[in-house]
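Here's a quick briefing to read with the model open beside you.

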Amino acid sequence: MTTFVVVVLLVVLLVAALRLWLTANRLDRLHVRTEAAWQALEGALSRRIVATRAAAAAGAFAEPDADRLRHLTSLADHAPRAGRADAENDLSRALAAQPPVVEPELAAELNDAGERVVLARSFYNDAVRDTRALRAVWFTRMFRLAGRAAMPDYFEIADHVPVGPAERTAARVILLDEKHRVLMFASRDSGQLVWFPTGGGVEPGEDLRAAAVRELREETGLHVAAGDLVGPIWRRSARFVFTGVLYAQTEFYFVGRAPAGYRIDVAGFTELEKEVIAGHRWFSTDDLAAAASSARVYPEQLGDRLGEAVAALDRSGAAPDLTEIR
């Protein structure tokens, strides 16, 4: 009987020793995993800081906001580990309050940096959860298997991933008068005057030509048949912010002619168009060049290529080739 008891005790001790070794080994690996995840998270946070500073330096934000973002990135960059979450939260809130960044490369870098922070934070918090769960087990606590290792804390910050651009297709019309001048509308963007031809987004189920006819009617009051428009002659890719939304727009340009002496009728404007459109006028090639010195004119090459639109309208026969413009 004594021998049996001794054997049982030895087995119990061996099982306990094995469990101690396995638990200690697993806990050590979890601590290593948690620390590695923290290093990855720090790298992702540092990348977001660099991307934010680059965007601020490139003029992607208004100057007062850019100064505040530079200050917040400095605080986050030098914050101790215990205070890093608060500093990063301040930066996240400031970034979330900014309008979308239009410049494609800067926007892509900010978006990628934000996504990496989200992923790295998730991996880190998963590691913290597993580590804390094992340390909470009575067996681990009884034998003090964690030793003097600090209890890891969760890293909680508000996720800020810039929203990607909304894809949009638009139909525009280079509307010419009897003097070969083009009709342009004006709006203001951050205080600067912007000139652009008539046109707008293509509605679901609508083809390009029908959209061009509709936009022309709504914005100028001019009714034309689909066959009266030539083109599309140009295609342009653009990124811009409108009513707080970042758009990646592909524009197709048709050419049309207004009757001699036609007076533009904007009664068909939507409420939003009434709010944002500041006026309209007819531009010659020289007028476009002069306007570009103090305002933004889109398309940028319109002044140089207006002759192509005139020629396309006067030419009969085959439709002109579609050309990519800026």
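This is a predicted model: local features need pLDDT of at least 70, side-chain atom pairs count only at pLDDT 80 or more; totals for chains, interfaces and linings use all residues.

Residues are numbered from 1 along each chain as its sequence is written, and side-chain values use heavy atoms, with hydrogens and water left out. Helices (H or I, at least four residues) and strands (E, at least two) are DSSP runs, numbered from the N terminus.

**Nonpolar cores**

- The largest nonpolar core has 23 residues, and I174 and V182 have the most contacts inside it.
- Strand 1, strand 2, strand 5, strand 6 (245–257), helix 8 (285–291) and helix 9 each put in at least two residues of this core.
- Helix 9 gives the most to this core, at six residues.
- A second, separate core has 20 residues, including V173, A212, V213 and L229.
- A core here is a set of buried Ala, Val, Leu, Ile, Met, Phe, Trp, Tyr and Cys residues joined through side-chain atoms within 4.5 Å; buried is under 20% relative accessible area, exposed over 50%, and partly exposed in between (1.4 Å probe, protein chains only).
- Leaving out residues up to four places away in sequence, V182 touches I174, L175, L176, R281, W282, F283, L288, L302 and L306 (contact means heavy atoms within 4.5 Å).

**Helix 9**

- An α-helix has 3.6 residues a turn, so residues three or four places apart point the same way.

- G231 and P232 are joined by a cis peptide bond, with omega about 10°; P232 sits in strand 5 (residues 230–242).
- Another cis bond runs from Y298 to P299, with omega near -5°, and P299 is in the loop between strand 8 (296–297) and helix 9.
- H180 isn't a glycine, yet its phi is positive, about 65°.
- You'll find H180 in the loop between strand 1 (166–176) and strand 2 (182–189), and it counts as partly exposed because its relative accessibility is 34%.

**Around W138**

- W138 belongs to helix 5 (residues 138–142) and, at 48% relative accessibility, counts as partly exposed.
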